[in-house]
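Please look over the model below with these notes beside it. They start with the pocket and then go point by point.

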Amino acid sequence: MAAQARPGPAAMSERSRAEVDATLQTAKLNPAELLPAVHCLSFGPQASAGECCLLQLEPGLCAELEAGRSLVIRGEKDEQAVLCSKDKTYDMKIADTSNMLLFIPGCKTPEQLNADPASCNIIHSQIAGFSNNYWELRRCRPKLKKLRNLLMEDPYEGPNSQEDQTLTFSKYTTEDLLSLIQASEEEILHQLQVINACKIEGYWRILEFNYEMKLLDHVTQLIDSESWSLNKVPLHTCLEELGSLEPREMIEHILLSYGRKYVDGGEVYFEMHEDKICRAVAQMLLQNAVKFNLSEFQEVWQQSVPEGMTTRLDQLKGLALVDKSSRPETIFLLKVEDLPEDNQERFNSLFSIREKWTEVDITPYIQDLCAEKQTVGALLTKYARSSMLNGVKVYNSRRPIS
């Protein structure tokens, strides 16, 4: 199939077959090696660059559109735009091309022409627009740090909180978050579960930590007083016993946050998560201390958790860091959610806290940076330099840290 472009219908009359054959002969092209149909292109009166944008889509995203679902571009004025499907997020970058890309309404591909032998020998088409670039998509991590930051502007302190009644901060519905957060709907809803957010009067809220611990303490004390198994905590009895102290929906929310819901014999029960509860108690103990003697902390921590639970340092990954170089050894609060979201800024922050890291220590603080199919080792190779210290491999910054 040959294609020939010319200035426009007003400038010249439509080409004949003889003119096309003469052009092929001048170009030294063998008509036998081409499809018999010829596209004669001309620029329409409205053809211009910049009127349309081209977007290169992977097959999965094409299928989404063909199925009638939407793709959404998200980002505020000071943010790099991302494109979101129902469950994935993509970076958008402009890719330039040396070939001019033409927009031709109704243009038939060689496959379509082959399938339609009755196609006209010469097809006259008008170019509606053109471009020298297109938007290229690359799967990226959803930008979810802003979600927690927005909800932490006004944490929920309970139904009787004076601050909650003054409405000094914004509150956010699902629709608000979809318009503000650069992530897909499924990624946002999943993250709301991860951070234990709940809906109160139609708005997503995070519980203020001390209030959350107060609720958890009510539940664990009831479990202890009733001598229930931590694997079988009855919802109905919890609501009946604690409903006079706190809203019933808050009691159920704390059970959902720190337990797994299941049904047995028609009754709803919760299996309490030991690791989550031990982790929350550790955060409560560490939040007001700059550093804590490690052995003393472990003793107080074990005494503070519900009877039957066992504390372990591996429950604190991404929450607290042990300093084995100090004498005595110490532990301090370092929450992964408080670190920068950008890769380089994250590593700069970590290396400003500690000059050299083992892979075991640093992994909880960079695991969430791994892109699809990327490993922690690949991240360390890119952003850190390895060396041996007393027979142990450690990592330090590739660049000076101020």
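1. The largest pocket is lined by 45 residues, and Arg 148, Gln 191, Val 194, Ile 195 and Glu 337 lie nearest its centre. Its volume is about 1400 Å³. A pocket here is an open set of points on a 1 Å grid over the protein atoms alone, where a 1.4 Å probe fits, with protein on both sides within 12 Å along at least five of seven lines; lining residues have an atom within 4 Å of a point. Grid points are joined across faces, edges and corners, and the volume is the space filled by probe spheres set on the points.

2. This is a predicted model: local features need pLDDT of at least 70, side-chain atom pairs count only at pLDDT 80 or more, and totals for chains, interfaces and linings use all residues. Residues are numbered from 1 along each chain as its sequence is written, and side-chain values use heavy atoms, with hydrogens and water left out.

3. Helices (H or I, at least four residues) and strands (E, at least two) are DSSP runs, numbered from the N terminus. By class, the lining has 19 nonpolar, eight polar and 18 charged residues. Ala, Val, Leu, Ile, Met, Phe, Trp, Tyr, Cys and Pro count as nonpolar, Asp, Glu, Lys and Arg as charged, and the others, Gly among them, as polar.

4. Asn 196 sits in the loop between α7 and β7 (198-200). Asn 196 counts as buried because its relative accessibility is 17%; the cut-offs are under 20% for buried, over 50% for exposed, and partly exposed in between (1.4 Å probe, protein chains only). Beyond its neighbours within four places in sequence, Asn 196 contacts Glu 212, His 253 and Ser 257. Contact means heavy atoms within 4.5 Å.

5. Now helix α13 (residues 343-353). Its buried residues are Asn 343, Arg 346, Phe 347, Ser 349, Leu 350 and Phe 351. They pack against β15 (357-358), α14 (359-366), α15 (376-383), β16 (384-389) and β17 (392-397). Asp 342 caps the N-terminal end of α13, with a side-chain oxygen 3.2 Å from the backbone nitrogen of Gln 344.

6. How many disulfides does the structure hold? It holds zero, a disulfide being a pair of cysteine sulfur atoms within 2.5 Å. For Cys 62 the closest cysteine sulfur, in Cys 53, is 17 Å away, so it is too far for a bond. Cys 278 is in no disulfide either; the nearest cysteine sulfur, that of Cys 238, is 18 Å away. Cys 62 is partly exposed at 30% relative accessible area, whereas Cys 278 is buried at 0%.

7. The peptide bond from Arg 327 to Pro 328 is cis, with omega near 0°. Pro 328 is in the loop between β13 (320-323) and β14 (330-333). Lys 28 is not a glycine, yet its phi is positive, near 60°. Lys 28 lies between α1 (17-26) and β2 (38-49) and is exposed at 76% relative accessibility. Ser 227, also not a glycine, has a positive phi of about 55°. Ser 227 lies in the loop between α8 and β9 (233-234) and is exposed at 64%.

Terms used:
A polar contact is a pair of N or O atoms within 3.5 Å; within protein, one must be able to donate a hydrogen and the other to accept it, and residues adjacent in sequence count only if both atoms are side-chain atoms.
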